[in-house]
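Visitor: I would like to learn how to read a few features of a model. Could you take me through them one at a time?

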Amino acid sequence: MVDIAEVRLAIVGCGAIADWHVTAIAAAAPRTQIVACVDPDAARAATFAARTGGVACASLADAVAQGANTAAIMVPHHLHEQLALEAFAAGLHVLLEKPMATTPDACERILAAAPTDRVFMLAENAQYWPEVLLVRQLIADGAIGEIVTARAWHCFPPMGDFYEGADPWRMSLIAAGGGIALDAGSHWLRPLRMWCGEIIEVVAATGHPFPGMQGESMCRALCRFESGVVASFDALLVPGAVSNLPLFQITGTTGEIVIEGIGRVRHFDGADHRGTVVGQGNYLQSYEGEWADFEAAILDGRPLAADARFALGELYGALAMYRSAETRRWERVWA
Ligand SMILES: NC(=O)c1ccc[n+]([C@@H]2O[C@H](COP(=O)([O-])OP(=O)(O)OC[C@H]3O[C@@H](n4cnc5c(N)ncnc54)[C@H](O)[C@@H]3O)[C@@H](O)[C@H]2O)c1
C-alpha cells in the first residue's frame with residue numbers, strides 16, 4: 001500500500017554503520033529525508049543531526065513526534081527485537097540491520113509483528129553488492145557451466161569504527177549473540193546463497209584469535225547446499241596484518257570466477273591463464289542499492305529484492321556452525 005510521498009526517516013542508532021548509511025542515502029535515495037537522529041548517547045545524536053538536518057532525539061517515540069514515517073534501526077543485536085517491535089507498533093516502515101535478532105524465537109516474533117501494509121527490510125547489503133550481482137548474472141549466463149564448488153574468504157583485522165566504540169558490544173556474547181560468523185559473516189554467506197541456493201547443513205570449527213572477544217573470531221566451515229554443492233566459508237578477525245586474497249572463488253564445470261579483494265571480477269575460461277577482468281565493483285555501492293530498493297518499496301510499492309524472512313538463512317547458518325563446533329558433526333541449518 002503506497003500512502004506517502006516522501007520517506008521521513010528516523011536514524012535509530014547513530015553509530016558506525018549509520019555513518020555509511022547516511023552517505024548512501026545522500027547518493028541513492030533522493031526521496032528520503034532524515035527527520036530524526038535517535039541515540040541515547042546525546043553527543044552521537046547531535047553529531048548526526050548536524051550532519052543530516054534531522055532533529056536529535058533520545059527515543060524512537062520522540063522521532064515519531066517529529067513526523068517520522070520510517071525507521072532505520074542500526075543498534076547492537078540484543079536491542080533489535082525491542083526497537084523493531086516499537087517501530088512496527090508506531091506504524092513505521094522499518095529497515096532493520098542484520099542479524100534480525102540473536103535467536104530464532106526472537107526473529108519469529110519480529111516477523112509476526114511486522115504489519116503487512118508496511119515495508120520491512122532486513123538490511124543485508126550483500127544482496128546489492130555489485131560484484132556479487134555480476135557473478136550471479138555470469139553464472140546464469142553459463143559462464144562457468146555448472147557450479148562445482150565455491151569458496152568465501154572473509155579475513156580482516158578489526159576495523160576501528162566497529163570495534164573501538166565507547167560501548168564495545170561486539171566483544172560481548174550476550175549483546176552480539178555470537179562472533180564473526182553471525183556478524184560480518186552474513187555478508188559472505190548471502191552471496192553463497194544467491195549463487196548456490198539454500199544451505200541445508202554445515203560443519204565448522206571455531207577459534208578466538210582476537211583477544212577479548214567472547215564470541216568466535218575465527219570460523220572455518222563447509223556448507224552443503226540443497227543442490228549437493230559443498231562450499232567453504234571462512235570468517236576471521238585477526239589482530240595482525242593479512243594478505244589480500246580473493247573474497248570469493250566460484251568453480252564451475254567449464255571455468256571459474258574470482259572476486260578479488262579490490263572489487264575486481266575475473267573470469268577464467270582457459271583462454272588466458274591470467275583470466276579476463278569482466279567487471280569492477282565497490283562494496284560501498286551495496287548500501288546505495290539497498291536504499292534505492294527500500295525507498296522504491298515504500299514509495300512505489302515495488303517488491304524488495306529479498307524479503308525479510310530470507311535473511312534467516314545467514315543467521316541460522318551461523319547458529320548451525322556454532323552447534324557444529326560443539327558437536328564436531330555436520331549440523332542441519334533448518335530445524
Ligand atoms: N551491513 C553492514 O555492513 C553492517 C556493518 C556494521 C554493522 N552492521 C549492523 O549495524 C548494527 C549497529 O552496528 P554498529 O557497528 O553501527 O554499532 P555501533 O555501536 O557503532 O552503533 C550503535 C549505536 O546504537 C546506539 N544505541 C544503543 N541503544 C540504542 C537505543 N535504544 N536507541 C537508539 N540507539 C541506540 C548506540 O549508542 C550506538 O551509537 C548492528 O546490527 C550491526 O550488525 C551492519
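Guide: With 29 C-beta neighbours inside 10 Å, L122 counts as buried. The cut-offs are 20 or more other C-beta atoms within 10 Å for buried, 12 or fewer for exposed, and partly exposed in between, with C-beta atoms placed from the backbone. Please keep in mind that this is a predicted model, where local features need pLDDT of at least 70, side-chain atom pairs count only at pLDDT 80 or more, and totals for chains, interfaces and linings use all residues. Residues are numbered from 1 along each chain as its sequence is written.

Visitor: Which residues is L122 in contact with, leaving aside its neighbours within four places in sequence?

Guide: Contact means that the C-beta atoms of two residues, placed from the backbone, lie within 7 Å. For L122, the partners are L96, K98, M100, A308 and A311. L96 is 26 residues away in sequence, yet its C-alpha lies 5.1 Å from that of L122. L122 itself belongs to strand β6 (residues 120-123); strands are DSSP runs of E with at least two residues, helices runs of H or I with at least four, numbered from the N terminus.

Visitor: How should I read the packing of helices α4 and α5?

Guide: Two packed helices are described by the angle between their axes and the distance between the axes. Here α4 (residues 80-89) and α5 (residues 104-113) pack at about 10°, with axes 10 Å apart. The axes are lines fitted to C-alpha atoms over the stretch in contact, and angles run from 0 to 180 degrees between N-to-C directions. The two helices are therefore roughly parallel, a label for angles under 35 degrees. E81, A84, L85 and F88 of α4 meet A106, R109, I110 and A113 of α5. That contact has six nonpolar, no polar and two charged residues; Ala, Val, Leu, Ile, Met, Phe, Trp, Tyr, Cys and Pro count as nonpolar, Asp, Glu, Lys and Arg as charged, and the others, Gly among them, as polar.

How values were computed. Angles under 35 degrees count as roughly parallel, over 145 as roughly antiparallel, 65 to 115 as roughly perpendicular and the rest as oblique.
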